[in-house]
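Dear colleague,

I am handing over the structure we discussed, and below it you will find my notes on what the analysis turned up. Please read them alongside the coordinates.

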Amino acid sequence: MTQDELKKAVARAAVAHVVEGEIVGVGTGSTANCFIDELALIRHRIRGAVASSEATRRRLEEHGITVFDLNDVDQIPLYVDGADEINEAMQMIKGGGGALTREKIVAAVSRKFVCIVDRSKLVPVLGRFPLPVEVIPMALGHVQRELACLGGIPLLRTGFVTDNGNLIVDLHGLQIVDAVGLETRINQIVGIVTSGLFACRPADVCLLGTATGVQTLTAV
Ligand code: 5RP
């Protein structure tokens, strides 16, 4: 199976978690795009969706799916998104596509987070994928100095502006053993909007695409 086929397989499997007549929170990225394609096939069975990025909003609307503003929604039973890395505790690094802040917000409002990834994303220790951090532009220098104190190498993602008008710094070279501790520490740095470390609110379920089929994982 190719990586694309694995992404399509986990996206298809995620449809089983959709709650009839309700709103679905939808992530960002190539795997989330596969999920949007699947969601379009059952769009008459859902009320609509909340998007975690402008790109996702556009794709949902192109597929005829009603997109709600998060502030017009009381609760979201399900959030489906990809990840750059996930460990066995269902903690993730996200934000390779730069949508981490809106992804974290929609995930926070959602009762169940289903992470859809291919086998290559499951890692014993998070950190080989550089940790994205969204930064208010005027705080860039301060934030880079503070992040360097955490032991990693902070590099500005050049030529990239988030949907919120901010910058992304990618923190390279980490080995994240205490993910909740690191997320909490990064949250204290003034000028950071959020980090792509999803440890305080991990996924509830991971649908893992493998050569032998889709495996369902929960936290160990
Ligand atoms: C975007 C994300 C994505 O979920 C993550 O980058 C995975 O993307 P893909 O499914 O394309 O591998 O966090 O901000």
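A salt bridge is taken here to be a side-chain nitrogen of Lys or Arg within 4 Å of a carboxyl oxygen of Asp or Glu. Please keep in mind throughout that this is a predicted model.

By that criterion the structure holds 11 salt bridges, and one of them joins Arg45 to Glu20, with the closest N and O atoms 2.8 Å apart. Arg45 sits in the loop between α2 (30-41) and β2 (48-51), while Glu20 belongs to the loop between α1 (3-14) and β1 (23-26), so this pair ties together parts that are 25 residues apart in sequence. With a relative accessible area of 34%, Arg45 is partly exposed, whereas Glu20, at 51%, counts as exposed because the threshold for that class is over 50%.

A second pair lies within a helix: the side chains of Arg57 and Glu61 meet in a salt bridge at 3.0 Å, N to O, and both residues belong to helix α3 (residues 54-62), where they are four residues apart, about one turn of the helix. Arg57 is partly exposed at 28% relative accessible area, and Glu61 is likewise partly exposed at 42%. These two residues also take part in a network of salt bridges that links Glu54, Arg57, Glu61 and Arg102.

Another salt bridge is formed by the side chains of Asp204 and Arg201, at 3.1 Å from N to O; Asp204 counts as partly exposed, with 32% relative accessibility, and Arg201 as partly exposed, with 23%.

Turning to the ligand, there are 16 residues around it, of which Ser30, Thr31, Asp84, Gly95 and Lys121 come nearest. By class, this shell is made up of two nonpolar, nine polar and five charged residues. Taken alone, the ligand exposes 370 Å², and the protein buries 90% of that.

Finally, on the surface, Ile136, Met138 and Val193 form a nonpolar patch, with about 310 Å² of accessible area together.

Technical notes. Residues numbered from 1 in each chain as written. Predicted model: local features only at pLDDT ≥ 70, side-chain atom pairs only at ≥ 80, totals over all residues. Heavy atoms only, no water. Near = heavy atom within 4 Å. Areas by Shrake-Rupley, 256 points an atom, 1.4 Å probe, with all protein chains shown as cover. Nonpolar A, V, L, I, M, F, W, Y, C, P; charged D, E, K, R; others polar. Patch = residues over 30% accessible without salt bridge, like charges linked within 9 Å, V, L, I, M, F, W, Y side chains within 5 Å. Helix = DSSP H or I, 4+ residues; strand = E, 2+ residues; numbered from the N terminus. Buried < 20%, exposed > 50% of the residue type's maximum accessible area, 1.4 Å probe, protein only.
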